[in-house]
Amino acid sequence: MMTLYVHRQSWLHRQPAGLKLLVLMATSVALYALTSLWTAGAALIAVILAYRSLGPAGWTYLWVVKPLLPMFILIFVVQTWSQSVSAAILMLLRMLTLIWLANLVTLTTRMDAMMDAVMPILSPFRRVGVAPHRIAFTVALFVRFVPVLMAVLNSLLEAWKSRGGGRAVWRLAIPMLINAIRMSDHVAQALAARGGVRSPETPVSMVQPQ
Amino acid sequence: MKDQALVQMALYAALVAALGLIPPVPFVTGIPITAQTLGVMLAGVMLGPRRGFLSMLLFVGVVALGAPLLSGGRGGLGVFASPTAGFIIGFPVAAQVAGYVARLLQRQSILIAAGVGAFVGGILVLYVFGIVGFKLVTGSEWLRSVQVMAVYVPGDSVKVVLTALVAQAVYKGLPGAVATRQA
């Protein structure tokens with residue numbers, strides 16, 4: 001399954017998901033109370049050491065921020081220009097600390113553990129008529145649709161290239177969406193033919209066709 | 001909520017993820033433009049406000065759980081601490097407003113209804129979220145935040161036009177698929 005989770009045995013993997021989320025939330029608030037470069041730098045070093053504690057390859061996961069580098073440079077320049085160099089450095093330290101810490105939670109927590117941890121927050125949805133098992137069904141279907149749609153897009157892109165390509169790639173959005181909608185209609189029909197989304201408590205024999 | 005609505009919501013959430021595959025085009029400042037907000041605008045215009053909102057909420061929620069579905073393979077909780085966090089948090093509301101506006105304008109041609117809806121939801125509303133998020137994460141001043149975020153506007157304007165064209169084409173082929181066109 002596609003996820004950023006990395007399967008390992010580490011002390012961080014053993015902590016409960018809810019605890020890790022709470023620590024992350026507390027840190028995100030506390031970080032903005034830090035105004036000295038030294039304490040902010042120490043926080044960043046602590047997070048980097050936590051990556052190191054994942055094992056020898058732990059460092060490599062720090063590269064998650066690579067796509068953000070141009071943005072960081074731009075922010076740094078703007079901040080230096082509008083305030084001061086030390087303000088710019090402090091801001092970068094805070095941002096990196098928080099992004100890396102949040103990513104650390106993602107790396108060390110299985111997706112289903114994370115889902116279980118947030119399920120209590122979703123329970124108010126039951127009042128507006130969305131039962132948790134229907135949310136779980138939609139999440140599962142979404143996760144299954146992603147590779148299917150990526151395959152559709154890839155085949156359209158290949159067909160486009162093999163016919164000479166060109167610059168108006170955006171035109172592919174139309175067949176892409178029509179294909180996707182047709183597919184989802186078939187899925188909805190197949191689902192209805194099998195009695196719809198079933199609650200875990202309902203026995204199969206009780207399901208009424210829609 | 002009907003089963004078919006759940007399938008549609010999953011579909012548009014997956015569409016936004018698939019659009020992240022299109023390689024980002026690096027723009028003047030080095031900030032890449034991605035196709036993903038095109039999916040957000042389409043979700044609003046095609047599904048209507050309520051389903052559009054829930055569909056994007058599903059996308060953002062699964063990204064938060066750790067799926068690398070944002071363009072460039074980003075995902076997980078770190079996304080919500082990055083300077084563009086506001087945009088991602090704003091996806092559901094942007095789709096909702098796009099759907100609402102498109103539905104209000106359903107007496108107009110679909111090109112206009114979808115285009116205006118995508119503009120109001122995908123640019124006006126999304127940028128409010130984006131700018132507030134950028135300001136909160138970086139602590140910049142308002143004016144600076146607005147200036148930095150302004151580099152995305154040209155690319156997003158292209159996506160507004162695309163949303164209108166795609167909605168029009170899909171409406172011709174599959175009229176039932178555009179939820180904002182039925183009273």
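Mentor: Start with the core. Of the 116 residues in the largest nonpolar core, Ala10(B), Ala13(B) and Ala14(B) touch the most other members. A nonpolar core is a set of buried Ala, Val, Leu, Ile, Met, Phe, Trp, Tyr and Cys residues joined through C-beta atoms within 7 Å. Buried means 20 or more other C-beta atoms within 10 Å of a residue's own, exposed 12 or fewer, partly exposed in between, with C-beta atoms placed from the backbone. The model is predicted: local features need pLDDT of at least 70 and side-chain atom pairs 80 or more, while totals for chains, interfaces and linings use all residues. Residues are numbered from 1 along each chain as its sequence is written, with chains lettered from A and ligands numbered from 1 in the order written.

Trainee: Which helix gives the most to this core?

Mentor: α5(A), with 14 residues. Helices are DSSP runs (H or I, at least four residues), numbered from the N terminus. The core also draws at least three residues from each of domain 1 (11–121) and domain 2 (131–206) of chain A. Those bounds come from an automatic or database domain assignment.

Trainee: What is Ala14(B) in contact with, leaving aside its neighbours within four places in sequence?

Mentor: Contact means C-beta atoms, placed from the backbone, within 7 Å. On that basis, Ala14(B) has Phe142(A), Phe145(A), Val146(A) and Leu149(A).

Trainee: How many residues of each chain are in contact with the other?

Mentor: 56 residues of chain A are in contact with 50 of chain B. On the chain A side, α7(A) gives the largest share, 12 residues. That side divides into 45 nonpolar, 10 polar and one charged. Here Ala, Val, Leu, Ile, Met, Phe, Trp, Tyr, Cys and Pro count as nonpolar, Asp, Glu, Lys and Arg as charged, and the others, Gly among them, as polar.

Trainee: How do the axes of α8(A) and α1 of chain B cross?

Mentor: Axes are lines fitted to C-alpha atoms over the stretch in contact, and angles run from 0 to 180 degrees between N-to-C directions. These two come within 9 Å and cross at roughly 145 degrees. The residues of this contact are eight nonpolar, three polar and one charged.

Trainee: Is Leu172(A) buried, exposed or partly exposed?

Mentor: Partly exposed, because 16 other C-beta atoms lie within 10 Å. Leu172(A) is in the loop between α7 and α8 of chain A. Leu157(A) is 15 residues away in sequence and 7.6 Å away in space, C-alpha to C-alpha.

Note on methods: Two residues are in contact if their C-beta atoms, placed from the backbone, lie within 7 Å.
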